[in-house]
Amino acid sequence: MPKFEYAPAPESRAIVSLRESYGLFINGEFTPSADGRAFKTISPATEEVLAEVAEASPADVDRAVAAARRAYERTWSVLPARERGKYLFRIARIIQERSRELAVLESLDNGKPIRESRDVDIPLVAAHFFYHAGWADKLEYAGYGPAPKPLGVAGQVIPWNFPLLMLAWKIAPALACGNTVVLKPAETTPLTALTFAEICQQADLPPGVVNILTGAGDTGKALVTHPGIDKVAFTGSTEVGKEIARDCAPTRKKVTLELGGKAANIVFEDAPVDQAVEGIVNGIFFNQGHVCCAGSRLLVQESVYDQVLASLQRRLATLRLGDPLDKNTDVGAINSAAQLAKIRELSEVGEAEGAQRWSPPCELPVKGFWFPPTVFTGVSQAHRIAREEIFGPVLSVLTFRTPAEAVEKANNTPYGLSAGVWTDKGSRILWMAARLRAGVVWANTFNKFDPSSPFGGYKESGYGREGGRHGLEAYLDV
Ligand code: NDP
């Protein structure tokens with residue numbers, strides 16, 4: 001099928017004014033790290049250095065935790081709940097006002113298409129703050145008793161796939177419930193979190209309520225193991241999640257973990273094929289597949305396998321890969337060289353284990369980190385590409401004959417974060433949803449998020465929920 005030629009439609013970078021270097025955000029101010037260490041953050045699409053960022057040492061973690069404790073005791077926990085809500089509302093409004101700047105910055109630092117950062121990430125970030133602004137003075141109606149209390153200081157560590165959105169998922173409920181926070185963004189995507197620190201200043205948020213510590217895994221470890229923290233919230237790999245669970249087990253810290261996934265996207269023979277194909281594409285190629293709840297395992301009923309596969313391949317041939325700042329781009333850059341190496345390695349394992357690899361004709365830019373949309377067929381349950389989280393634009397296709405077999409295969413994974421069901425029959429959706437061991441089950445759609453809807457996993461996908469009434473529990477002493 002011929003591809004339309006589109007004229008380039010780049011979003012201007014002029015709206016972002018990058019500083020040469022950024023400090024840590026502690027007690028309402030930007031400050032250098034105690035030992036002066038710093039690292040560079042780059043654009044994964046071009047490998048251009050964007051800025052230098054301070055690397056927080058254990059001494060900085062001490063300072064930030066102390067600032068958060070002071071702010072908790074003297075200001076935030078004693079502020080009338082309605083006033084807390086006003087701050088959150090103000091932050092949400094500023095995010096909306098600065099949404100274009102934030103979207104461009106997110107795409108620059110992360111490599112995701114501007115269409116996604118502009119239309120999905122940033123609107124959801126604002127929505128999370130608006131939603132939790134509403135909860136701040138209504139906590140007694142949340143179902144956790146007549147006067148639920150905050151926990152204290154939360155240490156929060158987030159990944160690089162949705163940098164500002166994961167920050168919002170962590171900070172908005174924590175603040176609404178009356179906690180103060182120290183947050184560490186991922187090493188490869190610190191810039192929107194630092195801009196969020198500016199937004200806290202702009203909103204006149206009392207110093208110390210939000211502290212942002214940039215750094216690598218060691219900074220994250222120093223934060224979650226710090227004795228001054230009451231609550232740990234982590235999103236990232238299952239491996240690091242397990243380490244954090246072990247570190248926190250002998251303490252009184254309350255922990256929530258949102259970890260990996262290997263979701264099944266299940267297409268029945270009575271599904272509207274064109275819509276299902278759009279859902280499959282959105283399920284695994286949205287955000288380059290860097291999505292914990294990505295529909296990375298496609299389970300297709302055998303009777304429609306040929307039809308679905310042909311439609312999917314036709315559709316994939318129309319995806320546009322390239323400059324994340326171009327408004328026509330569907331697939332952006334892989335976030336880092338390390339992640340690209342992991343995707344390549346697992347894809348090679350897929351071939352070596354006997355699965356068939358297919359990608360549409362697709363020219364990859366010379367500079368930066370890129371991987372074409374890829375589909376593996378002939379995949380069996382035992383293959384590593386059917387079991388392990390690839391966290392990239394790679395789909396493994398399996399088939400099934402009966403609903404019971406679909407359930408069996410979908411649940412045959414150590415993970416349990418999400419699943420998708422495509423069928424014309426409402427009764428089948430309910431039957432499947434009752435049997436799928438997944439925190440979220442989407443019906444005739446995929447990758448839909450809303451601040452009022454709780455999100456979280458079973459099994460090795462972690463514990464605790466984020467969003468909705470359920471998500472408040474993670475930040476209340478209940
Ligand atoms: P990590 O789990 O290592 O990173 C998540 C966050 O934790 C980052 O901020 C990281 O810092 C920090 N961190 C790393 N080690 C520790 C530690 N010991 N204690 C506390 N915090 C720590 O994920 P990676 O970025 O290394 O990605 C590895 C794989 O994890 C991916 O290939 C993907 O499969 C999976 N992943 C899953 C995610 C999900 O949402 N399910 C999200 C991200 C990754 P730093 O950035 O400096 O390493």
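Me: Why does Phe455 count as buried?
Reply: This is a predicted model, and in it Phe455 has a relative accessibility of 4%. Buried means under 20%, so Phe455 counts as buried. Trp169, at 7% relative accessibility, falls under the cut-off as well and therefore also counts as buried.

Me: What makes the pair of Trp169 and Phe455 edge-to-face?
Reply: The ring centres of Trp169 and Phe455 lie 5.2 Å apart, and rings pair if their centres lie within 6.5 Å. Their planes stand at 65°, and planes over 60 degrees apart count as edge-to-face, so that is the name this pair receives. Trp169 lies in helix α5, whereas Phe455 lies in the loop between β17 (440–443) and β18 (462–463), so the pair ties together parts that are 286 residues apart in sequence. Both residues also belong to one aromatic cluster, together with Trp442, Phe446 and Phe449.

Me: How many aromatic pairs are there by this rule, and why is the pair of Trp160 and Phe391 called edge-to-face?
Reply: The count comes to 13 aromatic pairs. For Trp160 and Phe391 the ring centres are 5.3 Å apart and the planes make 85°, so this pair is edge-to-face. Trp160 sits in the loop between β6 (153–157) and α5 (163–176), and Phe391 in the loop between α12 (384–387) and β15 (394–400), so that the pair links parts of the chain 231 residues apart. Trp160 and Phe391 are both buried.

Me: How do you know that the charged end of Lys231 sits over the ring of Tyr475?
Reply: The charged end of Lys231 is 5.0 Å from the centre of the Tyr475 ring, and the distance part of the rule asks for a position within 6 Å. Arg19 likewise lies over the face of Phe30, at 4.8 Å from the ring centre.

Me: What makes β13 and β17 the edges of the sheet?
Reply: The open sheet has seven strands in the order β13-β14-β15-β12-β11-β16-β17, with mixed pairing. β13 (356–358) and β17 each have a single partner strand, so one side of each is left without a neighbour in the sheet. From one strand to the next the twist averages 20°.

Me: How do you know that β14 and β15 pair?
Reply: Pairing needs at least two bridges, and three bridges join β14 (residues 374–377) to β15, the two strands running parallel. Within this pair, Val375 stands opposite Leu395 in β15. Helix α10 (residues 305–316) packs on the sheet, touching β14 and β15 among others, and its direction makes about 160° with that of β14.

Me: Why is β12 described as largely enclosed by the rest of the structure?
Reply: Five of the five residues of β12 are buried, so the description follows from the count. Arg297, Leu299 and Gln301 point one way from the strand, while Leu298 and Val300 point the other way. In a regular strand the side chains alternate between the two faces of the sheet. β12 pairs with β11 in the parallel sense over four bridges, and Asn265 stands opposite Leu298.

Me: Why does Glu11 count as buried, and what does its side chain join?
Reply: Glu11 has a relative accessibility of 9%, and therefore counts as buried. Its side chain is joined to that of Arg100 by a polar contact of 2.6 Å, inside the 3.5 Å limit. Glu11 lies in the segment before β1 (21–22).

Conventions:
Residues are numbered from 1 along each chain as its sequence is written. This is a predicted model: local features need pLDDT of at least 70, side-chain atom pairs count only at pLDDT 80 or more; totals for chains, interfaces and linings use all residues. Side-chain values use heavy atoms; hydrogens and water are left out. Rings of Phe, Tyr and Trp (its six-membered ring) pair if their centres lie within 6.5 Å; planes under 30 degrees apart count as stacked, over 60 as edge-to-face and the rest as tilted. Buried means under 20% relative accessible area, exposed over 50%, partly exposed in between (1.4 Å probe, protein chains only). A charge sits over a ring if NZ of Lys or CZ of Arg is within 6 Å of the ring centre and within 35 degrees of the ring normal. Axes are lines fitted to C-alpha atoms, for helices over the stretch in contact, and angles run from 0 to 180 degrees between N-to-C directions. Contact means heavy atoms within 4.5 Å. A polar contact is a pair of N or O atoms within 3.5 Å; within protein, one must be able to donate a hydrogen and the other to accept it, and residues adjacent in sequence count only if both atoms are side-chain atoms.
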